[in-house]
Amino acid sequence: MLYIVATPIGNLKDLTLRAAEVLKSVDLIACEDTRHTKILLTHYGITTPTTSFFQHNRFTKGEYLVDLLKAGKNIALVSDAGTPGILDPGYNLINLAIKNNLEMTFIPGAAAFVNALVLSGKPAHEFYFAGFLPNRAGARRNHLEKLKNLGCTLVFYESCHRILASLQDINTVYGDKEIAVARELTKKFEEILRASPEIIRQKLAKSKPRGEFVIVI
Ligand code: SAM
């Protein structure tokens, strides 16, 4: 069985009881970064062997993990944070397991976009999760223009390196509209800013932006 296991997005206490049970009982845990996941495992006294499954070995390692599953092993798939498959290589293993008719189940838990969407106060009955915005300014602006036509709440992931540039482009495309930016969700410095893109950009620009961000428009 492949167990797709959601892990915390910051606060280690957000691991569910069921997730801990599964991580303890499987034969192997496939992690994006074994050192990162070890922090969580050590916190819960879990000693299950780990192996890396990440962007650059996802095809070769995927085949290897599928062979183990076919041989009857139980494997848990985790990502660095949150739900495997939401913008991380987990998707590739899940897909490969489906192609090989392997059994799987999902142990639910945190996903950063859910926390941000709920805390934003924006309508959540219809929303579009748009992942990361393109790197280049021109492509980013075009993408934002295209999404504007959807007419529903939009959710983006963003890094500290690009948050200011993205907010500038959101301001160009959406103007003086109240948006929400969530930072460091579930962590000590969790913060939700609800204001226009330009006001939030100015606030974040006061010092070098740190942490992980979700933008809700
Ligand atoms: N699998 C993850 C999930 O379920 O949300 C997402 C992985 S994606 C590679 C990483 C991005 O998620 C970060 O750049 C950030 O935008 C967002 N993210 C993850 N943890 C976060 C947190 N604690 N606070 C805010 N954003 C977070």
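The legends below describe an overall view and several close-up views of a predicted model.

**View 1. Overall fold of the protein chain, with 8 helices and 10 strands.** The radius of gyration is 19 Å, close to the 17 Å that the globule rule gives for 217 residues, so the chain is as compact as a globular protein of that length. Its C-alpha atoms fill a box of roughly 55 × 35 × 30 Å along the principal axes, and buried residues make up 45% of the 217 residues. Of the contacts with a separation of 6 or more, 69% are between residues 24 or more positions apart.

**View 2. The salt bridge between arginine 140 and aspartate 169.** The closest N and O atoms of this pair are 2.8 Å apart, and the pair links distant parts of the chain, with arginine 140 in helix α6 (residues 137-148) and aspartate 169 in helix α7 (residues 163-174), 29 residues apart. Arginine 140 is buried, at a relative accessible area of 4%, and aspartate 169 also counts as buried, at 4%. Arg141 joins Arg140 and Asp169 in a network of salt bridges.

**View 3. The salt bridge between arginine 162 and glutamate 158.** Here the closest N and O atoms lie 3.1 Å apart; arginine 162 counts as buried at 19% relative accessibility, under the 20% cut-off, while glutamate 158 is buried at 4%.

**View 4. The salt bridge between glutamate 212 and lysine 187.** The closest N and O atoms are 3.3 Å apart, and the pair links glutamate 212 in strand β10 (residues 212-216) with lysine 187 in the loop between β8 (179-183) and β9 (191-195), 25 residues apart. Lysine 187 is partly exposed, with a relative accessible area of 29%.

Conventions
Residues numbered from 1 in each chain as written. Predicted model: local features only at pLDDT ≥ 70, side-chain atom pairs only at ≥ 80, totals over all residues. Heavy atoms only, no water. Helix = DSSP H or I, 4+ residues; strand = E, 2+ residues; numbered from the N terminus. Rg over C-alpha atoms; globule rule 2.2 N^0.38 Å. Buried < 20%, exposed > 50% of the residue type's maximum accessible area, 1.4 Å probe, protein only. Contact = heavy atoms within 4.5 Å. Salt bridge = Lys/Arg side-chain N within 4 Å of Asp/Glu carboxyl O.
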